[in-house]
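Grab a viewer and work through these exercises one at a time. Try each task before you read the solution below it.

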Amino acid sequence: MEHKEKEHTAKTIIKYSSSNFYKQLLSVFNAFIKPKLLSPEMFGLWNLLYIIPTYVPYIHLGSRYSMRYFIPYHEEKKELQKIDDLKGSVFYGTLYLNILAAAVIVIAAFTGNFNLVTTTGLIAMAALVLIWWYYEYYINYLKARQDFSLITSSNYLLTTVAFFSSLPLLYFFNIYGLYISAVLSNLAVIFYLRAKHPLGIKTGFRYSVFADLVKRGFPIMIFLISDLMIRTSDRIVVSYFLGNEQLGYYSIAIMVLNFVMQIPGASREVVESKLMKDAGSNSKEAILREYFFGPLVKTAYLMPLLLGPIVIVLPVLIPVLLPRYIQGIVSAQIVTLGCYFLSMSYTARGVLIANGLQLKAFYISVLVLIGNIALSIILLKSGLGIKGVAISCSISYFLLFIGFFMFIKKMCFHNRDDWKTAVTALSLPFPVMCGAIVLLNYISAYLSLNIFVSAVLSALIFYAVMLTVVNKAEKQYCFLKGIRLKNLWQEL
């Protein structure tokens with residue numbers, strides 16, 4: 001029974017990861033289309049406006065996170081009425097808040113003395129705020145129910161409609177077409193979700209329930225916002241100090257980071273719902289071993305198989321596919337290596353929330369964020385430019401993981417042997433990955449081979465080295481027992 005459940009979870013992760021990869025892949029194509037069909041001024045305006053629907057959804061004050069994490073908890077206890085109260089209170093409570101936010105945006109659009117393009121864009125963003133309210137509620141509810149098959153299909157639909165509608169609309173209506181495409185694609189997904197899985201809201205808004213959800217979820221929200229700010233502060237620093245042209249070069253690093261993090265991100269979303277379901281019935285020792293040590297060590301040994309080849313082939317692919325962005329190659333390589341530690345910090349997130357430690361861990365994130373911004377500015381001012389910002393980001397990802405790891409160790413030090421094994425296991429993969437990349441790069445330069453042949457050979461040798469490390473570690477560390485390299489996505 002347990003084996004079947006794990007197989008089901010693994011298949012869910014694979015399918016969900018695939019949809020996220022599809023979503024990210026078409027997003028890459030969109031990234032080329034928008035600047036090609038829009039003037040730099042209009043493309044800059046679009047990116048500026050799009051900040052609004054990206055951050056306004058956090059106006060739910062953490063209530064949706066509470067719903068997502070506590071519906072599985074109440075399902076395990078068969079408390080159906082509490083689930084209905086959660087659904088109704090979050091649905092209407094977040095609706096009221098988003099209507100208020102949309103109204104403020106519309107008022108600003110008509111009273112801010114903007115030009116027609118900006119005013120229309122603000123109105124479109126207000127519409128997106130309301131549409132995303134409904135969509136995000138749906139997605140969080142489905143995640144709580146662990147219905148990732150429907151989320152997967154909705155990902156495919158949203159990405160496909162957005163991509164194919166934006167092409168003609170952008171061509172014929174310029175940025176106005178982009179506004180229309182964003183609204184229509186999200187509306188299409190909402191109608192699809194309603195047809196496939198009606199929400200069935202049975203109860204109305206209850207202030208006491210919503211207030212309790214906010215009280216529980218607000219620490220989760222600010223914890224996750226701090227993570228988002230760590231991931232986005234780099235582009236703000238680059239834009240402010242160096243301008244949008246340098247930000248364009250740096251966007252290669254952002255694109256690679258978003259692409260790479262789809263796998264550990266999707267895996268964590270699937271596993272975290274199951275973690276909250278098991279948190280009420282399993283011991284802390286079992287939870288720590290199942291949802292922290294195991295995934296952490298697997299991530300440490302398997303992520304290099306994704307990251308190493310990307311670092312190796314970027315100097316070959318970017319000049320061919322994006323010759324105007326050659327200046328961003330080194331930054332992208334640095335950030336890619338930093339993804340190793342960012343992916344492992346994801347593993348800690350669910351454990352922190354399950355143990356109610358997210359508020360205390362928030363202070364770690366804030367310190368890392370402040371340090372990241374300060375170091376980025378220092379390195380940038382020293383003449384390193386976007387490379388310095390990339391270095392700062394990778395260092396901040398490392399410090400974030402170390403901070404979370406040491407904090408969990410301090411608060412949940414239940415099994416000394418497991419901690420000792422984990423620390424020993426984690427000390428090997430990253431140095432081997434970096435050493436192999438540096439050595440292969442040196443050998444390739446010395447042999448003066450064709451760049452494409454050199455990249456392929458280097459990637460193959462890198463795989464051979466890392467697979468040897470994984471195979472030896474599997475025999476030594478219990479957390480890697482039974483690992484299946486052919487199903488890399490489901491193991492991360």
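**Exercise 1. Salt bridges**

Which side chain meets D234 in a salt bridge?

Solution. A quick note before starting: the model is predicted, so local features need pLDDT of at least 70 and side-chain atom pairs count only at pLDDT 80 or more, while totals for chains, interfaces and linings use all residues. Residues are numbered from 1 along each chain as its sequence is written, and side-chain values use heavy atoms, with hydrogens and water left out.

Step 1. Set the rule: a salt bridge needs a side-chain nitrogen of Lys or Arg within 4 Å of a carboxyl oxygen of Asp or Glu. By that rule there are three salt bridges.

Step 2. D234 meets R235, at 3.7 Å from N to O. For accessibility, buried means under 20% relative accessible area, exposed over 50%, and partly exposed in between (1.4 Å probe, protein chains only).

Step 3. Next comes D85 with R206, where the closest N and O atoms are 2.9 Å apart. This pair links distant parts of the chain: D85 is in helix 5 (residues 80-111) and R206 is in the loop between helix 8 (175-196) and helix 9, 121 residues apart. Helices here are DSSP runs (H or I, at least four residues), numbered from the N terminus. D85 counts as buried at 10%, and R206 as partly exposed at 39%.

Step 4. Finish with R216 and D212, which meet at 3.0 Å, N to O. Both sit in helix 9, four residues apart, or about one turn of the helix. R216 has 41% relative accessible area, so it is partly exposed; D212, at 34%, is partly exposed too.

**Exercise 2. W419 and its ring partners**

Work out the geometry of the aromatic pairs that W419 makes with F293 and F405.

Solution. Step 1. Rings of Phe, Tyr and Trp (its six-membered ring) pair if their centres lie within 6.5 Å; planes under 30 degrees apart are stacked, over 60 edge-to-face, and the rest tilted. The structure holds 24 such pairs.

Step 1. F293 and W419 are edge-to-face, 4.8 Å centre to centre with 85° between the planes. F293 comes from helix 12 and W419 from helix 16 (residues 416-426), 126 residues apart.

Step 2. F405 and W419 have ring centres 5.2 Å apart and planes at 80°, so they are edge-to-face as well. Here helix 15 (residues 386-411) brings F405, 14 residues away from W419.

Step 3. F293 and W419 are both buried, and so is F405. One aromatic cluster takes in F292, F293, Y340, F341, F398, F401, F405, W419 and F430.

**Exercise 3. Helix 14 and its cover**

List the buried residues of helix 14 and find what covers them.

Solution. Step 1. In helix 14 (residues 358-384), the buried residues are Q358, A361, F362, I364, S365, V368, L369, N372, S376, L379 and L380.

Step 1. Their cover includes helix 9 (207-242), helix 13 (329-354) and helix 15.

Step 2. Check the residue just after helix 14: G385 takes a positive phi of about 60°.

Terms used:
Helix = DSSP H or I, 4+ residues; strand = E, 2+ residues; numbered from the N terminus. Contact = heavy atoms within 4.5 Å.
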